[in-house]
Structure formats: C-alpha cells, structure tokens
Amino acid sequence: MSNAVEIYELEKTYEGGTRALKGIELAITEGDFFALLGPNGAGKSTTIGILCSLVNKTAGSVRVFDHDLDRDRAWVKSQIGVVPQEFNFNQFEPVEEVVINQGGFYGMTRKAAKKRAHELLKQLGLYDKREGMARALSGGMKRRLMIARALVHGPRMLILDEPTAGVDIELRRGMWDFLTQINKQGTTIILTTHYLEEAEALCRNIAIINEGRIVEHTSMRHLLGKLSQETFVLYSRDSVESLPEMPVVASRLIDNETIEVDLTRGQELTGVFDVLRGHGIVIERMKNKTNRLEELFLRLVQDDDAATNAEERP
Amino acid sequence: MSIRSQSDAFDHQGPGEKAIGLTPRGAWNAFVMLLTREVLRFGRIWVQTVLPPMIMTALYFVVFGHLIGPRIGEIDGVPYIQYLVPGLILMSVITQSYANSVSSFFGAKFARHVEELLVSPMPSWLIILGYVAGGVARGLAVGGAVTLVALLFAELSVHSVLNLFGVALMTSILFALGGLINAVYATHFDHISIVPTFVLTPLTYLGGVFYSINMLSEFWQQASLYNPILYIINGFRYAMLGISDVPIWSTYAILAVGIVIAYLYVLRLFRNGIGLRG
C-alpha cells in the first residue's frame, strides 16, 4: 500500500527564533488510523498546520498521496479534510451553511454541497439543528459540526487536532465509532489527542513527538509491547479472605472482592486465573488499572528530555 | 452512504503528474459560494451596511443642497444640489467597497474562519476575486440605494452610461482591494478604522465631492491634483453631468494603475501568507 503522507527533514522556525520542528521524518500509510502524540508545544499542531497549508515550513519536504505539497498544493489541499483544535467556523452562520460553504470552497455546486451536508449532519446527529445559528450549539455539537465540514468534499485523508477535547464520554464514544467507520471506508485518519486511551482505542500506528523531534514511530501494538509491567484489577464473585501464591510480580487484596496483580512481560493472566480457580476464587470481571499508553508516553518523553539535557550539558 | 466520494470539481491526476486542484468549473462554484456568502453577510446586517449611508446622503442633500446650495448657485452651469449627486454616490461606493472587504476579511481572520479558505484548494487569486466581488457588490448596492435617495432631492442625469458603470465598477474594485490589504495587515479592530478615518475620508472630502477645484486658489488647485480621489470623483461627475475638472482618461489611468498595483500587492501577501499563515 502506498503512503498517504511522507515527511522528510521537516523544519519550522517561527519568527522570534522558536524552533518548533527540528527535521522530523514521518511516513503514514494510506488507509491508516495514525496517532500523533506529544506534550504541549512538542510540534504536533505545527506539523499538522504545515500539512494543511496553514503554516509555512522553513525546510524539508512533504508529499501527500505521492504529490509534492509545494508543487501541487491546491491538489493536495483537495485531498485533505481538517478538524482543527479550536472552533474556526463563522458562529453567526446557520449550521448547514457552515458545511455547505465549505463544500463550495472545494468546488462543489451549492445543490451537491447541500445534499452532502444534510447526509453528514444526519450521521453526526446535527440535522435537527441545521437551521439554527452555529453559535447556539454546545461544545460537543460544534466539534461534530467541524467534522461534518471537514468531510463535506469527501477527502481521502482526515486530519483531527484534538477532536474530542471538551466532549463528554458518551459523545466521545459516538465520535470514535463514526471515525472508525469512515476509516474502514478507506479514509486515512491522522489524529492528535491528549486522551491517550483514545489513541490506543482507535489508532494502528503512532508517532510520539517531543521538542520538535520524533522520539518514537511504530505500530501501536509494538509500542504497547514495550511495557515491562502492567497492573490488573480483578473483581471476585465471592468474598476473599486471603490470596494464594500466584505466578506474578506482586499481588494485593484491596478489599474482600478486589484483587490487584502486577504482571511483567512473559507472565500471563491465564496462570493467575488457574491458581485462583484452584482456591475457589471466581473472577467475574477485570480491568487494566494503568493507562498503558500514558505510562509509555511519559517514559519516552522523559527519556528524550534527559537525552537532550545530557547533549546540551557542556 | 460512503463518506468518500469523487468530485468533478477536482483534477484527478495520477502520482507524479502535475495536478491543479480545482477544475475551472470547480473554481467557478467556489467563487459563486464565496460571493454569495459575502452578499448574504452584508445583506443580513443591512441596518448597519445599507441604511446609514442612505441617511447620511439624505442629510447631505438637506444641509448642503437645500440650506446652503441656493447661496452657492451653480457650478459649471449645474445647480449645486445636482452638482453634489455624483460625488455623494461615489463617496458611498468608495467607503462601502472598502468597508466590506476590510471588515469581512478581518472578521474572518479574527474568528479564524479564514482558515476555511486557506485549507481549501481555492488559489489565492480566486479568494481575492471573491472578496473583491463582495466589496463591489456592496459598493454598487449602496451606490444604487444612495442614487434612489438622491432622486428625492435632485434631478438626475446621465451623460455617458458606459463611463458611469465603468468608473463606478473600477472604483469599487480598487477600494475593495485596498480594504483587503488593510485587513491582511490588521491585527486589532482599531487597525481597520485607521485608514478609512485618517486617509480615505479626508482625501474624499478634499477630492471635489462638494466643490470644483477651480474655486480654489492656484496653490490648492495644484495640491489637489496630487489627490487620486479627485480624478475618480471627477470622472464619475463627467459620466453623470458631462463636466469635470480633469480629463476622463486620467480617471481611467488612475483607476487602472491603482487596480493593477493593489491586486499584485495583495496577491503577493496571500501567496506568501503574510498576516495569514504562521
């Protein structure tokens, strides 16, 4: 499969001298659901801004679907839909007009844009609000409106910068389902998010950016495989008085029905269940206690910061 | 429904081939959409955009035409109230074309919905054309409304229809481009009123709206010739009344040169992303 995005030696220095990007390299496969993670100020939005032509790059090259961004900018733009971090639509326009206008700016006739806008507004649960002013929508609805607007021209690639910020859990899950559906239909999705569980739930591949450099660029599965230890919480059906010896690093009885076990790489939960069953303890449900990706993310970023500090030390 | 769809608005070139983005038909659709949005925008707020210049013009006719005009008599063989008409109409065209571009584009920058255009495949020239067309639409619409008001006070005549529309159209294009340049550089709301207040209004008032430069002393006559708005207003006055302080060709020369310079300048600003992209 060909690449949707290829970034080589991308650099950005803002007026005033801030180096936001220090020669990043990135490849995103067509059809991928890709996460770009990083702490605030790491360079995520700058990278996305350059991809969307909202930020001028200082050096390097960007190719989108095998077309050079500098040479074929208008064509590249026509292949991309953008959902930015901040609300950037005219709040004094009716909801449907926000989507229809955007379709027009991508060359659609008003009739075609309206038809498509209505389809998308229905899918995103905004159809009943279509004639109201955009400013009257709730925060979650405004986010969904921006997704509808980004999709109106049927882009091959959708870029979402913190799309679920400020959205409640139920709506967030709904948006996850929607994004998963359009990804399955072939749309390449690039996502930046602060909700790391969101990246873990949705994305197949991931890049972690810190201080303008890519510190990790791999598959989600491979990244999570780097975890050395995980903690699981097990809920017993019956009351438990004491815990037997188990093939784990450590185990704790939190209360009469809640057990915590720490597993290192190579240790399996099935061994834990076997021992517990042997002692008459039946586990009804369980969950992963730690946010695994968050743990990894912090570790990678801290390692990178430490390496940078060591390099800069005289 | 599939989210992905192929549109005939886009150019479908293969990898490695030069690709243009919007097709001519797509570009036309984009232009129409932007112009429609602009017209709806100033139409929605007609109380702020269309009504004030109509009231202002009525007041000018009452004060300068009816109260002061009879004491002045005629200028170049035309009653003073009739002499005022072309200048007042064109003054509205100038201020409204400029105001539409500067307020609409700066508003879009301020609220960040200018990004809707910047991420779209619309080339810079097409975005400029859309905003300029919006400014022209407002300038000519208000010019038309002011003409209706003028009909209540004075007898209207047209010496040359072609020049009438030619000068009005080119004037609105030039000042819509000017408003766009102002909006690109503006970073605060204060910045969009500086040029209209301290440059446009004085130049317009001193550009022969209310008088002929032949009424001035030699020094001020010569000084007035450095005011480009003088040529524009007199060109329009020639189109309506057949009288002018300057030859009509100088009006077109000023307008044409001004449009070319302003367009190339704003195009450079857009292409380099000055005031628009990080």
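The crossing of helix 3 and helix 4 of chain B is right-handed, a crossing being right-handed if the near helix is turned clockwise from the far one by less than a right angle, and left-handed if anticlockwise. Helices here are DSSP runs of H or I with at least four residues, and strands are runs of E with at least two, numbered from the N terminus. The model is predicted: local features need pLDDT of at least 70 and side-chain atom pairs count only at pLDDT 80 or more, whereas totals for chains, interfaces and linings use all residues. Residues are numbered from 1 along each chain as its sequence is written, and chains are lettered from A in the order in which they are written.

The axes of helix 3 (residues 51-72) and helix 4 (residues 80-110) of chain B come within 10 Å and cross at roughly 155°. These axes are lines fitted to C-alpha atoms over the stretch in contact, with angles from 0 to 180 degrees between N-to-C directions. The two helices of chain B are therefore roughly antiparallel, the term for angles over 145 degrees. Helix 3 of chain B contributes B:P53, B:T57, B:Y60, B:F61, B:F64, B:G65, B:G69 and B:I72 to the contact, and helix 4 of chain B contributes B:Y80, B:I81, B:L84, B:L88, B:S92 and B:Q96. Two residues are in contact if their C-beta atoms, placed from the backbone, lie within 7 Å.

Chain B as a whole has 11 helices and 2 strands, in the order α-α-α-β-β-α-α-α-α-α-α-α-α from the N terminus. Its C-alpha atoms fill a box of roughly 75 × 35 × 35 Å along the principal axes. Of the 278 residues in chain B, 49% are buried, that is, have 20 or more other C-beta atoms within 10 Å of their own. Among contacts in chain B with a separation of 6 or more, 77% join residues 24 or more positions apart.

Between the chains, 40 residues of chain A are in contact with 40 residues of chain B. On the chain A side, helix 2 (73-78), helix 3 (95-105) and helix 4 (110-123) each give two or more residues.

Helix 3 of chain A is largely enclosed by the rest of the structure, because 11 of its 11 residues are buried. These buried residues pack against helix 4 and helix 5 (139-151) of chain A, together with helix 1 (24-44) and helix 5 (115-118) of chain B. After helix 3 of chain A comes A:G107, with a positive phi near 95°.

Conventions
Angles under 35 degrees count as roughly parallel, over 145 as roughly antiparallel, 65 to 115 as roughly perpendicular and the rest as oblique. A residue is buried if 20 or more other C-beta atoms lie within 10 Å of its own, exposed if 12 or fewer, and partly exposed in between; C-beta atoms are placed from the backbone.
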